[in-house]
Amino acid sequence: MPTYEELLERVKKELPETSISRERFQVPEAEVLLEGQTTVLRNFADIADAINRKLQDVFAFLLKELGTSGSLEDRRALFKGRLSADKINKRILSYVDEYVLCAECNRPDTHIVKEGRIAILQCDACGARRSLRVIKKAVKTEEPILQTGKVYEVMIQDIGKKGDGVARRENYVIYVPGTTKGVVVKIEVEKIVGNVAFAKLASE
Ligand SMILES: [Zn+2]
């Protein structure tokens, strides 16, 4: 016969993940918005702060679990592709389960210690320790799509009202004077304003 404590433990384990919230410990809900093919997690830093973990660590986990790439920008996290808030929330709660909550006492008062190559979750409340799966940092700082001073090869898809060639690169519209429709040219970006860029033909 299982003891009362064992039963209680079992019930706790079977509760849905979303019930992880305690008086002193609340994981903020993900605030998600879609910008084209990018998913923006607006309050990412607030979430990382609330669970007391490093942005980079939580982000590496999310990228791996969500199977995508992305970048960190100020207090926001950007993911490639369109992801629902629900999907992101679930992954955050899995992170909390695996990397924050003590498996013994279920409290969030833990910290991660590194012993050689092994990461250990150390509970400050009950002293329990368990080893953690180490996630290789998959965080790539992505090259911006367009940068001033850089040279890109583009196709002139159109001619604008003022006679400039119009090219596109992802969500940017690039104006290139002195070109004709249908040609592929090397351009040097001179100025970027929002999603509009102005470029000249590259001299090389
Ligand atoms: Zn504990």
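Glutamate 170 lies in the loop between β10 (165–169) and β11. Its phi is positive, about 50 degrees, although it is not a glycine. This is a predicted model: local features need pLDDT of at least 70, side-chain atom pairs count only at pLDDT 80 or more, and totals for chains, interfaces and linings use all residues. Residues are numbered from 1 along each chain as its sequence is written. The protein has 4 helices and 13 strands. Helices (H or I, at least four residues) and strands (E, at least two) are DSSP runs, numbered from the N terminus.

**Overall burial and contacts**
- Buried residues account for 21% of the 204 residues in the protein.
- A residue is buried if 20 or more other C-beta atoms lie within 10 Å of its own, exposed if 12 or fewer, and partly exposed in between, with C-beta atoms placed from the backbone.
- Among contacts between residues at least 6 apart in sequence, 44% join residues at least 24 apart.
- Two residues are in contact if their C-beta atoms, placed from the backbone, lie within 7 Å.

**Loop residues with positive phi**
- Glutamate 170 is exposed, because 10 other C-beta atoms lie within 10 Å.
- Asparagine 106 sits in the loop between α4 and β5 (110–115).
- Phi of asparagine 106 is near 70 degrees, a positive value in a residue other than glycine.
- Asparagine 106 is partly exposed, because 16 other C-beta atoms lie within 10 Å.

**Nonpolar cores**
- A nonpolar core is a set of buried Ala, Val, Leu, Ile, Met, Phe, Trp, Tyr and Cys residues joined through C-beta atoms within 7 Å.
- The largest has 25 residues, of which Ala30, Leu41, Ile47, Val58, Ile88, Ile92 and Val96 touch the most other members.
- At least two residues of this core come from each of α2 (44–50), α3, β4 (76–80) and α4 (85–99).
- A second, separate core has 10 residues, including Ile174, Tyr175, Val176 and Ala199.
- In soluble globular proteins, nonpolar side chains tend to be buried together.

**Helices α3 and α4**
- The axes of α3 and α4 come within 10 Å and cross at roughly 125 degrees.
- Axes are lines fitted to C-alpha atoms, for helices over the stretch in contact, and angles run from 0 to 180 degrees between N-to-C directions.
- α3 and α4 are therefore oblique to each other.
- Angles under 35 degrees count as roughly parallel, over 145 as roughly antiparallel, 65 to 115 as roughly perpendicular and the rest as oblique.
- Val58, Phe61, Leu62, Glu65 and Leu66 in α3 meet Arg91, Ser94 and Tyr95 in α4.
- Aspartate 57 belongs to helix α3 (residues 55–66).
- Aspartate 57 is partly exposed, because 17 other C-beta atoms lie within 10 Å.
- Aspartate 57 and tyrosine 95 are 38 residues apart along the chain, and their C-alpha atoms are separated by 9.9 Å.

**Strands and sheets**
- Two strands pair if DSSP finds at least two bridges between them.
- An open sheet of 6 strands has the order β8-β12-β13-β11-β10-β9, with mixed pairing.
- Its edge strands are β8 (151–155) and β9 (158–159), each pairing on one side only.
- Strands β11 (residues 172–176) and β13 (residues 196–201) run parallel, joined by 3 bridges.
- Tyrosine 175 stands opposite phenylalanine 198 in β13.
- Strands β6 (residues 118–123) and β7 (residues 129–132) pair in the antiparallel sense over 4 bridges.
- Glutamine 122 has arginine 129 in β7 as its bridge partner.
- β6 and β7 form a hairpin with 5 residues between them, and glycine 127 in the turn has a positive phi of about 85 degrees.
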